[in-house]
Amino acid sequence: MNVAGRNTGSGQPSAAGATGAADVAARLAAVRAEIAACEARHGREPGSVTLVAVSKTKPAADVAAAFEAGQKAFGENYLQEAGEKIEALAGRGIEWHFIGGVQSNKTAEIAARFDWVHTVDREKIARRLNDQRPEGLPPLNVCLQVNVSGEDTKGGVAPDALPELVEAVAGQPRLALRGLMALPAPTPDFDAQRAAFETVARLARESAVPMDVLSIGTSADYEAAIAAGATHVRIGTAVFGPRAPKGG
Ligand SMILES: *Cc1c(COP(=O)(O)O)cnc(C)c1O
């Protein structure tokens, strides 16, 4: 994508780590166009794929720039960092999606601050999110993260344990079970990407509780995810540019 790295900004230096509003808007437009092209190419309804712009490590100014350019849903992985942005941008109607690993001592804050959690993979976490979802907010939208690649370093429930988790989550009144999320092992091969995503789609279809969301696909593999039925793609790098290495 040739908007990547191109300086379309005002020429003024940007805040440390910020991509610049014009760059963000240009990248966002390019990603939106590509999502629309993927919908058309793979027989999906126009507008059936929602972009969740993954803003982890990026400053609130970048989120604000994307929001001004029409982006509503943002994904964050790290609670402390997310909390600062959520506070800085409060009152604008931004939809916040938690897509990081959920530690049980963080569930209260996640339940209070986020509209969605994509990464529920244990009943204990689901119960805590349910119990801690504040009165006066609608039920928390939840996706169950499935480990389709069988990597033991990754979060996610094993496919054969999924039905039991579905049942447990569906019984929580303050959670709205929406669907499945996955982050398969990276591969450059389109057919392999698609096969992993098709597995997630099949698990959702076979669920005893109806699901309307498939949260699959990142910058590297969202076309395959859309081909397999993604309703939500979680895209960071293609929207906001490369992230600095963690800890650096
Ligand atoms: C960081 C992240 C993304 C976005 O990845 P990009 O390659 O930057 O598009 C998507 N999903 C999850 C769970 C992530 O942690």
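Reply: Happy to! One term to begin with: a cavity is a set of grid points where a 1.4 Å probe fits but cannot get out. Please keep in mind that this is a predicted model.

Me: Which residues line the largest cavity?
Reply: Its lining is made of Gln145, Val146, Asn147, Val148, Ser149, Glu151, Lys154, Gly155, Leu183 and Pro184. Sorted by class, that lining has four nonpolar, four polar and two charged residues.

Me: Let's switch to pockets. How much space lies in the largest pocket?
Reply: About 370 Å³. The lining of the largest pocket has 20 residues, and Lys56, Asn77, Ile99, Met181 and Leu183 lie nearest its centre.

Me: What classes do those lining residues fall into?
Reply: For the largest pocket, six are nonpolar, ten are polar and four are charged.

Me: And where does the ligand sit?
Reply: The ligand takes up the space of the largest pocket. Around the ligand there are 13 residues, and the closest are Lys56, Asn77, Ser219, Thr237 and Arg243.

Me: Lys56 keeps coming up. How far is its side chain from an oxygen atom of the ligand?
Reply: An N or O atom in the Lys56 side chain is 2.7 Å from a ligand oxygen. Thr237 also has a polar side-chain atom by a ligand oxygen, at 2.6 Å.

Me: Which residue has a polar side-chain atom 2.9 Å from a nitrogen atom of the ligand?
Reply: That one is Arg234.

Me: Last one: how much of the ligand's area does the protein bury?
Reply: The protein buries 88% of the 390 Å² that the ligand exposes when taken alone.

Me: Great, thanks! I'll go and find those residues in the viewer.

Technical notes
Residues are numbered from 1 along each chain as its sequence is written. This is a predicted model: local features need pLDDT of at least 70, side-chain atom pairs count only at pLDDT 80 or more; totals for chains, interfaces and linings use all residues. Side-chain values use heavy atoms; hydrogens and water are left out. On a 1 Å grid over the protein atoms alone, a cavity is a set of points where a 1.4 Å probe fits but cannot get out, and a pocket is an open set with protein on both sides within 12 Å along at least five of seven lines; lining residues have an atom within 4 Å of a point. Grid points are joined across faces, edges and corners, and a volume is the space filled by probe spheres set on the points. Ala, Val, Leu, Ile, Met, Phe, Trp, Tyr, Cys and Pro count as nonpolar, Asp, Glu, Lys and Arg as charged, and the others, Gly among them, as polar. A residue is near a molecule or strand if one of its heavy atoms lies within 4 Å of it. A polar contact is a pair of N or O atoms within 3.5 Å; within protein, one must be able to donate a hydrogen and the other to accept it, and residues adjacent in sequence count only if both atoms are side-chain atoms. Accessible areas come from the Shrake-Rupley method with a 1.4 Å probe; for residues, only the protein chains shown count as cover. A molecule sits in a cavity or pocket if more than half of its atoms lie within 2 Å of its grid points.
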